[in-house]
2 protein chains.
Amino acid sequence: MQSTMQDVPLTVTRILEHGSVVHGQSRITTWTGDGAPLRRTFAETGTRAARLAHGLRGLGVGPGDAVGTLMWNNSAHVEAYFAIPAMGAVLHTLNLRLAPEQLAWIVRHAADRVVIVGGSLLPLLAPLLPHLDSVGHVIVSGAGDRSVLDGCRAQVHDYEELLAAQPDRRYEWPELDERAAAALCYTSGTTGDPKGVVYSHRSVYLHSMEVNSASSFGLKAGETCLPVVPMFHVNAWGLPHAAFMSGASLLLPDRFLQPAPLAEMIESERPSMAAGVPTIWQGLLAELDARPRDTSSLKAVVSGGAPCPPSLMKAFEERHGLRIVQAWGMTETSPLGSMAYPPPGLTPEEEWPYRVTQGRVPASVEARLAGPDGTFLPWDGRSAGELEVRGPWIAGAYHGGADGEPFRPDDKFSPDGWLRTGDVGTITPDGYLTLTDRAKDVIKSGGEWISSVELENHLMAHPGVAEAAVVAVPDEKWGERPLAAVVLRDGAAVEYEVLRSFLADRVARWQLPERWVRVPAVPKTSVGKFDKKALRRQYAEGELEVVVLPRVP
Amino acid sequence: MQSTMQDVPLTVTRILEHGSVVHGQSRITTWTGDGAPLRRTFAETGTRAARLAHGLRGLGVGPGDAVGTLMWNNSAHVEAYFAIPAMGAVLHTLNLRLAPEQLAWIVRHAADRVVIVGGSLLPLLAPLLPHLDSVGHVIVSGAGDRSVLDGCRAQVHDYEELLAAQPDRRYEWPELDERAAAALCYTSGTTGDPKGVVYSHRSVYLHSMEVNSASSFGLKAGETCLPVVPMFHVNAWGLPHAAFMSGASLLLPDRFLQPAPLAEMIESERPSMAAGVPTIWQGLLAELDARPRDTSSLKAVVSGGAPCPPSLMKAFEERHGLRIVQAWGMTETSPLGSMAYPPPGLTPEEEWPYRVTQGRVPASVEARLAGPDGTFLPWDGRSAGELEVRGPWIAGAYHGGADGEPFRPDDKFSPDGWLRTGDVGTITPDGYLTLTDRAKDVIKSGGEWISSVELENHLMAHPGVAEAAVVAVPDEKWGERPLAAVVLRDGAAVEYEVLRSFLADRVARWQLPERWVRVPAVPKTSVGKFDKKALRRQYAEGELEVVVLPRVP
């Protein structure tokens, strides 16, 4: 028997058209820092996206060509988000926090034909341009000193002038295969070259549907979503697409990601939900503690990208009534992999053990735990293994191997095609995933595994500790032992012995670190995660003043 | 550039596995009428679905074979919902309210190999069996007099015995193409032979995602959904699939669809949402008026299948605090086509004009209005045309034409493949769809269109009127004129002149009916809709005692 359903592809084009027609009055509000936010409707954004597509086509952008964006979160970036995939090209979001040489490597690897750059980011792009042979055109959006581009080989265009020069308010968007490439994002892994993940129209569409499900972010018309997560991080977690699909308005912070302007825009624009990494919420908490604002519009604050310290979640909730919901994902998972909503009917106290997990996977994400010997482990809440995932918005390869074809390194993909996440954790019988460590960050001590993240979370719960990172360092007797690097709060004076006693009440004695060091700040990666590789290197090169306490008998 | 995403099909199998593993503790509660509902977890349902698949395979069911279900809403039916598509066969839900000859026609047309039948429905099936050559096996679920099957050619099995005989708690579900047939449902249109719509795994999956979106039904774990809509109507609007996808529990009424048991199960099982046709809510309203119950658990009551009279919505809300949300769809649209949530920030009074519409389409449903001359009309809230829709869960053909292949009648599908819904209406600039009539029910009076539904809704808002149907009848001078058939409330004595004056305050004078008739009940189709064809026939054959008032000058 044959299905009699229509064969309609799932495309970014459909999301754009739906948002700009059915939800044409929904809005993108971009913070400008000058008290007059830039406001555009979805209908206007649709028209501007059509003009951008005409402009890009005029510059020679064709199907499958990559167009880079080096931009903050603003409405022009949303226009690029839709126009580029909808015209059949590939949106390549460039992470402006990468080291310049990494950025250049990525642009060359993706062979970006055009780069759209925010004016304030010209000083970052200009010195790289001589090394970017594929880039024939640079389009500058917003204010900035354009003289830094003088003499560059690429043709320079003004974004607004380019759009204004296109007479046609509509674009004949091509019919696309849903498996065609839509967007490209490179992982900012701390090892090896960056790896490109190419999202398809299908994956973006399905992911947007999931973001809008009531079990996930649940965006809907009439609400306003604040993606603090940069639009160069995994499509801003899919929120711009999900907003156009649902009709939810967007509040975009542009480059004003500091705690004070964030608090200000929340108070004045009243978003219903916000999404970002824990370090953003850590900063906002301190800001709100110092200068309370009305943040009552926020029904949920989603935290992802790194585990959110429970102490931060509790402080946010107790002091400001803001509920942080933890989510897990990665560049390779589009990123929505799981969200931590507790089961219903529990008291707030009973909810905590669920809320501090990574949560449960949606139906489109299959999960399994691979043990050290490659067998799959039971979901018993105890057996710890590497999380592997499968699904229509999960990467099955990386872009551009030696022969230009997608490649599948063995350490990243299982023989049957599942993504090896590199995260180690457990899953309970009712599906709650707890990730304790990156596989490479687990401390292998005398045949046992010590979770670095567990130690960090306990340390950060101590009132005198602002941040703490724990890494494995070589140990003659045990193979590896934990090194605890702590950042004390201003004015706090806490002895290492006190912190160790604090830990001793919370973890097994053999897990207690002997090696301790105070650091002014934990080194961070370009995306704000603890850079444990850097910490290990600092240790190896003798740069840290480590104190070794006697091992607890 | 090539996408690097995994190629994972969207299947009913994935929904089943997700629900029975990640949400294994969610429950299906089936009302039994004896005070002890049957409760099964999703995990148990998964095991039983595997056993059912083994059993069906043992009876010779293979890929693409149709398996009929003639069952009420209960947990065994949910098992069939999942086992049959997941094993690669096709679930064919049989509408037990059809006339026996129509039912037989459908079973033969679908070539059902096996029929699973509820014990209480044996008297309906047994007389048909001699005419159902394709049916080799009948599986009886639940209590009922099985002697009516004595001597029938098909082999008879007991559902529970069949499951118990399968030792294996797991089934190696095959890898399926997402475009493979999953389920089959025939339209119960009042003209011509029933037409089969074959849903694909892909369409069911995408539709379930949409049902779970916060903009639609928004099911989630911890909530309980009560599908009063029968499971033989368009997959119970996709709610069983959506429940397994989200983890929401199900409360199923079995055959207890009468107002009193419905009120009782709502009070005792406390569902968070319910879904059904307006006649169900009409009955429940009368029941609650007579015997109030605690229905406070219901956050939303979704009404679809026919326009919900605004008077009913208001009465429900004012007297019982229950908010009815109107949805539109049809067998050919899986069925979710649109839902009527008002824009945010309005007062309750301002919300009404939006809530009485059919609402807005989701991103996966494209809509357009075709005018009488085939041109497409603007979304201006005034231009009325036939609604045409396109999308991945919209039918593009019907099952089994003369040559056995899918067929596409011109009156049902446009040349470019869109579904012609047969519904006439308008769309506002902000996407709100208002359907006024079936194309065939519009009254064409002197070159103008009169909406029968508008007249009906006004009449039913009169306190003396229980039901009202308006149909076109031939008129020498005007071509067609409206005939108003009214059912008065018990004890009410209202003159036709009074009703006409009531209408005269609400519609244009030239639209006022001259022809009036009192009927004991409006004839209904097998799915509870007004059967206007029957009414027109009764008029044509002189069976109605029509009073003709003088035409208003």
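The same surface serves both copies, since 100% of the contact residues of chain A recur in chain B, contact meaning heavy atoms within 4.5 Å.

The model is predicted, so that local features need pLDDT of at least 70 and side-chain atom pairs count only at pLDDT 80 or more, whereas totals for chains, interfaces and linings use all residues. Residues are numbered from 1 along each chain as its sequence is written, chains are lettered from A and ligands numbered from 1 in the order in which they are written, and side-chain values use heavy atoms, with hydrogens and water left out.

Strands of a sheet pair through backbone hydrogen bonds, either parallel or antiparallel. In chain B, seven strands form an open sheet with mixed pairing, in the order β7-β6-β5-β3-β4-β8-β9; strands (E, at least two residues) and helices (H or I, at least four residues) are DSSP runs numbered from the N terminus, and two strands pair if DSSP finds at least two bridges between them. The edge strands are β7 (155-158) and β9 (196-200) of chain B, each of which pairs on one side only. Neighbouring strands of this sheet are turned by 20° against each other on average, direction ignored; here axes are lines fitted to C-alpha atoms, for helices over the stretch in contact, and angles run from 0 to 180 degrees between N-to-C directions. Within the sheet, β5 (residues 114-118) and β6 (residues 137-141) of chain B run parallel and are joined by five bridges, and B:Val115 has B:Val138 as its bridge partner in β6(B).

Two helices of chain B pack on this sheet. Helix α3 (residues 75-86) of chain B touches β3 (66-70), β4 (90-93), β5, β6 and β8 (181-186) of chain B, and its direction makes about 145° with that of β4(B). Helix α4 (residues 100-110) of chain B touches β3, β4 and β8 of chain B, with its direction at about 155° to that of β8(B).

A further open sheet in chain B is made of four strands in the order β16-β17-β18-β19, and its pairing is antiparallel. Its edge strands are β16 (366-370) and β19 (433-438) of chain B, each pairing on one side only, and neighbouring strands are turned by 50° against each other on average, direction ignored. Five bridges pair β16(B) with strand β17 (residues 385-390) of chain B in the antiparallel sense, and the bridge partner of B:Leu369 in β17(B) is B:Leu387.

In chain B, the axes of helix α9 (residues 259-269) and helix α10 (residues 278-290) come within 9 Å and cross at roughly 75°. α9(B) and α10(B) are therefore roughly perpendicular to each other, in a scheme where angles under 35 degrees count as roughly parallel, over 145 as roughly antiparallel, 65 to 115 as roughly perpendicular and the rest as oblique. B:Pro259, B:Ala260, B:Leu262, B:Ala263 and B:Ile266 in α9(B) meet B:Ile280, B:Gly283, B:Leu284, B:Glu287 and B:Leu288 in α10(B). These contact residues divide into eight nonpolar, one polar and one charged, where Ala, Val, Leu, Ile, Met, Phe, Trp, Tyr, Cys and Pro count as nonpolar, Asp, Glu, Lys and Arg as charged, and the others, Gly among them, as polar.

In chain A, the axes of helix α1 (residues 12-21) and helix α7 (residues 201-211) come within 8 Å and cross at roughly 45°, which makes α1(A) oblique to α7(A). A:Val12, A:Arg14 and A:Ile15 of α1(A) make the contact with A:His201, A:Val204, A:Tyr205 and A:Ser208 of α7(A).

Some backbone details remain. Most residues other than glycine have a negative phi, and most peptide bonds are trans. The bond from A:Ser334 to A:Pro335 is cis, with omega near 5°, and A:Pro335 lies in the loop between β14 (324-328) and β15 (338-339) of chain A.
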